[in-house]
Amino acid sequence: LSKKLVNHPVCLTAEGGISFEMEKYMAAVQPDMAMKAERVLELNANHSAFKALENAVANDKELAAKYAHILFAQAQLIAGLALENPSEYADMVCDLMR
């Protein structure tokens, strides 16, 4: 759980010696090195998205998995990182809107 989030439901922070900026730079300069920052997902326990996730964990594990995947993808986007599968993310968001 995050101690710094106020308005957003999630954020990603880098832990260790490599920042996200360094990861992006190295991917552009030497893509074969595949240097990755250690990702830490921070959740805002006061946000309605977190409350929905908690409810889904208790009542619907499949929905909870979708929520977790969507929140992680949102954190990646906020951090300026590319999604591995943007189509899958878009499909999950649209599925929840039905």
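The term pLDDT denotes the predictor's confidence in each residue, on a scale from 0 to 100. For this protein the mean pLDDT is 93, and 100% of the residues reach 70 or more. Confidence is lowest in helix H1 (residues 20–29), with a mean of 90, and highest in helix H2 (residues 48–59), at 97. Helices (H or I, at least four residues) and strands (E, at least two) are DSSP runs numbered from the N terminus.

The model is predicted: local features need pLDDT of at least 70, side-chain atom pairs count only at pLDDT 80 or more, and totals for chains, interfaces and linings use all residues. Residues are numbered from 1 along each chain as its sequence is written, and side-chain values use heavy atoms, with hydrogens and water left out.

**Two residues of strand S2**

Arg 39 is found in strand S2, which covers residues 38–43, and Glu 42 is found in strand S2 as well. Buried means under 20% relative accessible area, exposed over 50%, and partly exposed in between (1.4 Å probe, protein chains only). Arg 39 has a relative accessible area of 27% and is therefore partly exposed. Glu 42 has a value of 14%, so Glu 42 is buried.

A polar contact is a pair of N or O atoms within 3.5 Å; within protein, one must be able to donate a hydrogen and the other to accept it, and residues adjacent in sequence count only if both atoms are side-chain atoms. The table lists polar contacts between side chains.

| Side chain | Partner side chain | Distance |
|---|---|---|
| Arg 39 | Glu 23 | 2.7 Å |
| Glu 42 | Ser 2 | 2.8 Å |
| Glu 42 | Thr 13 | 3.2 Å |

Contact in the wider sense means heavy atoms within 4.5 Å. Not counting residues up to four places away in sequence, Arg 39 touches Leu 12, Thr 13, Phe 20, Glu 23, Phe 72 and Leu 81. With neighbours within four places in sequence left aside, the contacts of Glu 42 include Lys 3, Leu 5, Pro 9 and Val 10.

**The nonpolar cores**

A nonpolar core is a set of buried Ala, Val, Leu, Ile, Met, Phe, Trp, Tyr and Cys residues joined through side-chain atoms within 4.5 Å. The largest such core has 13 residues, and those with the most contacts inside it are Val 10, Leu 12, Phe 20, Ala 79 and Leu 81. Strand S1 (10–15), H2 and helix H3 (61–78) are the elements that give two or more residues to this core. A second, separate core of five residues includes Ile 70, Ala 73, Tyr 89 and Met 92.
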